[in-house]
Amino acid sequence: MTAAGVQSSPPGAVPARLADRPAVASLRLAWLYLVSRRIPAALGLLAGLGALLWAALHWRWNISGGLAAQQLIPLTIETGSAAVIAVTTHGPFGDPERATGRWLPWLRLAAAVALTAAAFGALAAGAAGGVLPGGTLALLRNLTGMTGTGLLSAAVLGGAFGWTGPMAYWLATESVLAAGWTTPWIWPARPPHDRGAAICAALVFAAGIAAVTLLGARDAGRRSAPD
Amino acid sequence: MTAATDAPVRHRPPRAGGAVTLTAARLLRIELRRSAMPWILPVIAALFWFDSYRFGTGSPPYWVLRTFWNMGQGRTFLDFAPFVVGVAAWMGSRDGRRGTADLVAGAVRPRWAVQLAAWAAAAIWAVGAYLVFVGVMFAVYARQGLQGSPPWWWVAVGAAAVTAFSAAGFAVGAFFPSRFAAPVAAFGAFLAVIVSDQNGFGDTSGWPLILPTNANGNYQPVSGIFYPYLPDLPIARMMFLGGIAVAALGLLGLPARAGGAWLRRAAAVVTLAGVAAAGTASGLARTARLTPHGMTIPALHDAASDRPIGYTPVCAQAAGVPVCLNPAYRRYLPEVAADLRPVLAQVAGLPGAPARVAQVAGRYTSGMFENQTDVAVTISGTPPVLRVPLDEFNTLPSATPGSAAQFDQELPLLSVHAFVGAGNGAGTTAQQAVQAALLQHVGLPFATQVQALAIFGLPPWGSEYLQGLVSGSESATGPGSPGGPVYAAARRFAALPAAARHAWLATHLAALRSGELTLGQLP
C-alpha cells in the first residue's frame, strides 16, 4: 500500500495556476453565489412570467370591471416577478458566509439589480403580445417599486419571506385602485408619466437595494422565521 | 398449586390509542412551536387593518353594510389567502428543501401523519389568527353600536377558506419542494382568487355562487335586519372548501413513501371523498335560486330560516300621522319624520292620504345590491299606509357630504310620486304636473326638483319625469331649467290658493290616479 495515488489530482480538476487567476476566481465566486441563491431557477421563473404576460395580452385574458380591473392581471404578474426576485436573497449559509464573504455586499447588489433588469426585460418582451396598460414606462416603475418592497421585506422578515412585501403591497393597491385613491405611494394607480409616483417607486427600490446590500436578508445568524 | 401462581405478574400494556394521542399531541406541539405561520401574522394584521377594517368604516352603521366589503365580498379571506398559502407551502416543502425526506420516511410515524401534524400546526395558527382578527374587528363594531346582527355564517366560511388554502399550499410545497414554492403558490392562489372573484361579480347564478367572495343575491341590506342571513350558500361553500382541504391533504398520502399500503389506500379514499364533497357542493350551488328571503338551495334549505325577524317599531308623529320604523333604523326616525311632515300636511284629509307611515323590507335581487334603481315607495291598505323600504335607498343620511341633502329630496319625491298614483312609471303628464306642484309646496322648488331627479339611484322613471319638467330647455351640458307644458301646468296649479288646490284634489284625485285626466283638465 502506498500513498502515491493520494497526491494525484482527480481527472478534470482545474490546474492551480488557472484557478488562482483573479478573473477566474471572481467568476467562480459569482457563479457559486448565483447557484446558492437559486438564481438560474429564478431566471426561468421570470421568463415564465414574461410568457404568461405575453399570453394574457395576446389572448386578451380580461376580467370584468373598469380600468382597475384591466390592470389586475399585468400587475399581478409584475408582483409575481418582484416576489421571485425577493426570494433569491435567501441565503443558506448564515454566519460563515457573513464572516468570510468579503464580496458579499457587492454580490447581493449585483444580483438584485441584474435580476430586476432581467425581470424587466422578460416582462417587456411579454408586453409585446398586446397592449399593456400604461406601457413599458409604467411597467418599469411598478416592477422596480414592487421589487423594492420585496427586498425590504426580505431584510426584515427573511429572504424566504421576501415575497410577502410585493403581495401585501399589491393587495393594498387593489383596494386603493377600487376606491379611486391617487396617492403617489400607490404608484400603480397613477399615470405612467407621473413624476411623484416614479419618485416614490424609485425611493422604495433604492431603500430595498440599500437594505439588502448592506444588511442582507434576515436569515441564519440573526434570528429569522423557521427554515 | 398451579403454574399460574408462579407466573410473573403481567402488567397491562399501555393502551395503544392513548399513546398515539399523546405522541400526536407532542408532535403537534413541536410543530406549533416550529411553524413559520406566526412570522407572517404581523403582515396580515397590518393588511387586515388597512384593507378589511378601514375600507368599511364609512358605511352606515349596520352589520350587513359595514361588513359587506370584508365578509360579503370576502375581502378578509382575500387578505389571508395568499400569505397562508405561501407559508403553508414553505412548511410543506421543509423536508424536501432540507433533503430529509428519505430520513423522515424511515421514522416511526408514517410520513403522512407527520405531514398532517405540520399542516395542522400551520392551519391552527392561520385559522386562529383569522378568528382573533375578525373577533377584534367585530368587537370594535359592537362598541360602535352597529344595528342588525353579525354575519356569523360568513365568518365560518372564511375560516373554512383559510383552512382549505393552507391545505392546498401545503400540498404544493410538499410536491414541489423549493424556495420558490411559497411565492409561486401565493401568486397562483392570488391570481386564481382575484380572477374568479372579479369574473364572478357578473354572475348571479351557477357555479360562481360557490365562491366565498360572491355577494350576489345573498348579502343585502335586509339581511340580518328584516330576515336572517340564509345559511344555504355558506353551507355549500364550507362543503366545497372542506372538500378541497380534504382532497389536498389526501394527495399527500398517495406517494409510496407516505406510509404503508393500507395508509395509502385510506389516503386515496380521503382524496376521492374530498373531490366528491367539492363537486357536490358546486352542483348544489348551481341549483340556487333567488327567493324573497335571499338565495336558497332547495336541498339545504330550512323553511324556518325564512321567518322574518320580529321587532317592535319605533314611532314618531309627523303632521298627526304616525311614522314607524324598524328599531334598527331608529337613528333616522327624526329625519324621516321631518322630511315627510310637509308632504303629509299637504295631503291631509284627501282621499287615499296615508294614515300611517311604515318602513317595509326591501327586496332581494340577484345582483350584488338591492333594487336601488327601482325603489318602491307605495301607498296601500285600508286605512292607507305609506310603505317606505328605507334599505333600498341609494343613500341614507351619513357623514358623507351631501348624503343628508340627497335623502331629504329623495324621500318626499318618492312619497309624492306614490300619492299621485304614478306607480313604477313617470306617470301621465297631469300626474307629473300635480306632483311637481305638490313638491313645490313641500319645500322642493321646481329648480331643486330638477337637481333631485338627477340623483344617482332614482328609479328609471326619474329621467322621463325630468324630461317632462324641462321640456325644450335641455342642452348638451345638462337638463336645463324647468319649462314646457308640464312645468306651465304645474306652476299654474301651484299658484292656486291652498284651499282651492285641496278642494280640486279632493274632487279629482281618483281620476288623476287612474290616469284619466289630461294636462288641459288641470285648473
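B:Cys324 stands opposite B:Ala358, a residue of strand 5 of chain B. The model is predicted: local features need pLDDT of at least 70, side-chain atom pairs count only at pLDDT 80 or more, and totals for chains, interfaces and linings use all residues. Residues are numbered from 1 along each chain as its sequence is written, and chains are lettered from A and ligands numbered from 1 in the order in which they are written.

**The sheet of chain B**

Helices (H or I, at least four residues) and strands (E, at least two) are DSSP runs, numbered from the N terminus. Two strands pair if DSSP finds at least two bridges between them.

In chain B, five strands make an open, mixed sheet with the order 3-4-5-7-6. Strand 3 (314-318) and strand 6 (378-380) of chain B are the edge strands; each has a single partner strand, so one side of each lacks a neighbour in the sheet. On average, neighbouring strands are turned by 25° against each other, direction ignored. Axes here are lines fitted to C-alpha atoms, for helices over the stretch in contact, and angles run from 0 to 180 degrees between N-to-C directions.

| Item | Partner | Detail |
|---|---|---|
| Strand 3 of chain B | Strand 4 (residues 321-325) of chain B | antiparallel, five bridges |
| Strand 4 of chain B | Strand 5 of chain B | parallel, two bridges |
| B:Val323 | B:Val357 | bridge partner, in strand 5 of chain B |

Strands 3 and 4 of chain B form a hairpin, with two residues between them. In the turn, B:Ala319 has a positive phi of about 55°.

Next, the faces. A residue is buried if 20 or more other C-beta atoms lie within 10 Å of its own, exposed if 12 or fewer, and partly exposed in between; C-beta atoms are placed from the backbone. Side chains alternate along strand 4 of chain B. B:Val321, B:Val323 and B:Leu325 point to one face and are buried. Strand 5 of chain B has B:Val357 and B:Gln359 on its covered face, and B:Arg356 and B:Ala358 on its uncovered one.

**Helix 3 of chain B**

Helix 3 (residues 37-53) of chain B bends by about 30° at B:Leu47. The bend is the angle between axes fitted to the seven residues ending there and the seven starting there. Buried positions in this helix are B:Met37, B:Ile40, B:Ile44, B:Leu47, B:Phe48, B:Asp51, B:Ser52 and B:Tyr53. They pack against helix 9 (164-179) of chain A, and against helix 5 (68-72), helix 6 (75-92) and helix 9 (111-143) of chain B. Contact means that the C-beta atoms of two residues, placed from the backbone, lie within 7 Å.

B:Leu41 also sits in helix 3 of chain B. B:Leu41 counts as partly exposed because it has 19 C-beta neighbours inside 10 Å. The C-alpha atoms of B:Leu41 and B:Arg331 are separated by 38 Å, and the two residues are 290 residues apart along the chain.

**Where the chains meet**

In the interface, 29 residues of chain B are in contact with 27 residues of chain A. On the chain B side, helix 3, helix 6 and helix 11 (181-200) each supply at least two residues. Helix 11 of chain B gives the largest share, ten residues. By class, this side has 20 nonpolar, five polar and four charged residues. Ala, Val, Leu, Ile, Met, Phe, Trp, Tyr, Cys and Pro count as nonpolar, Asp, Glu, Lys and Arg as charged, and the others, Gly among them, as polar.

**Chain A**

Chain A has ten helices and zero strands. Of its 227 residues, 46% count as buried. Among contacts in chain A with a separation of 6 or more, 76% join residues 24 or more positions apart.

Helix 8 (residues 135-157) and helix 10 (residues 195-214) of chain A pack at about 35°, with axes 7 Å apart. Residues in this contact include A:Gly145, A:Gly148 and A:Leu152 of helix 8 of chain A and A:Ala201, A:Phe205 and A:Gly208 of helix 10 of chain A. The contact has 15 nonpolar, seven polar and one charged residues.
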